[in-house]
Amino acid sequence: MIQIAPSILSADFSRLGEQVRLVEDAGAEVLHIDVMDGHFVPNLTYGPVLVKSLRSHSSMRFDVHLMVEKPELFIADFAAAGADHITFHLEATYHVHRVIQQIKEQGMTAGIALNPATPLDGIKYILQDLDMVLLMTVNPGFGGQKFIPNVIPKIQVLHRHLQQTGSTCQIEIDGGINLETAPVVVNAGAHILVAGSAVFTHPDPKQAVQELRQAAHSVKSE
């Protein structure tokens, strides 16, 4: 089943609680929370306090995407705030396996994010420990970017490998997801679709989630 993960990076923060409720009412399973430190990526966003403030108002799965240097420094705080899952970037820490274990020790699931130019080889020996691989289809740091189609073969290769090995690891896609690109990435093997601008700049975010789901289910992955 394809899951929709609205990204609050594109939400109206003056109405954040209302907008989160709208997408949850629309059936979104996951809330994607982009955390940026101004170092690993040029933008600066929010931290555990925001997660804590939203946790009591939503039953969605909180998917925290750490675009930060040294993600190991933030794991305990996000766990305490109510995060369900943490994804960090392969290049952001020296000890990738250790960070994965730290996340799981806090009772959360763990994922690795790969930038568009980052090959799959870097996760070869840790894939069995992951619950999710996030493939970026834009360069991280800003919302509203154009989808990079060169990543599609990477999605296909990872999908085939997961099928061949019987892995339950999920593929999440983040960047430029809309009604046109959603069917493309689902056909390539994606399981979770992160959508920011396509949802929260829509006049009706609830309708946007429903339309995105319909587009995603218009094809079947191989």
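Biologist: Quick one to start: does Ser-56 count as buried or exposed?

Modeller: Ser-56 counts as exposed, because its relative accessibility is 63%. Exposed means over 50% relative accessible area, buried under 20%, and partly exposed in between (1.4 Å probe, protein chains only). This is a predicted model, where local features need pLDDT of at least 70, side-chain atom pairs count only at pLDDT 80 or more, and totals for chains, interfaces and linings use all residues. Numbering starts from 1 along each chain as its sequence is written, and side-chain values use heavy atoms, without hydrogens or water.

Biologist: Thanks! Where is Ser-56 found?

Modeller: Look at the loop between α2 (48–55) and β3 (61–67): Ser-56 is there. Helices (H or I, at least four residues) and strands (E, at least two) are DSSP runs numbered from the N terminus.

Biologist: And how many residues apart are Ser-56 and Thr-118 in sequence?

Modeller: They are 62 residues apart in sequence, and in space 36 Å lies between their C-alpha atoms.

Biologist: Back to α2, then. Which of its residues are buried?

Modeller: Leu-50, Val-51 and Leu-54 are the buried residues of α2. They line one face of the helix, because seen down its axis they fall within an arc of 100°. That arc is taken from the directions between the helix axis and the C-beta atoms.

Biologist: Why do residues three or four places apart point the same way in an α-helix?

Modeller: An α-helix has 3.6 residues a turn, so residues with that spacing point the same way.

Biologist: Which exposed residues are on the face of α2 turned away from the buried side?

Modeller: That face carries Val-49 and Lys-52, both exposed.

Biologist: New topic: β2. How many of its residues are buried?

Modeller: Seven of its seven, so to speak a strand that is mostly covered. Val-30, His-32, Asp-34 and Met-36 point one way from β2, while Leu-31, Ile-33 and Val-35 point the other way.

Biologist: What is the sense of the pairing between β2 and β3?

Modeller: Parallel, over seven bridges. Two strands pair if DSSP finds at least two bridges between them.
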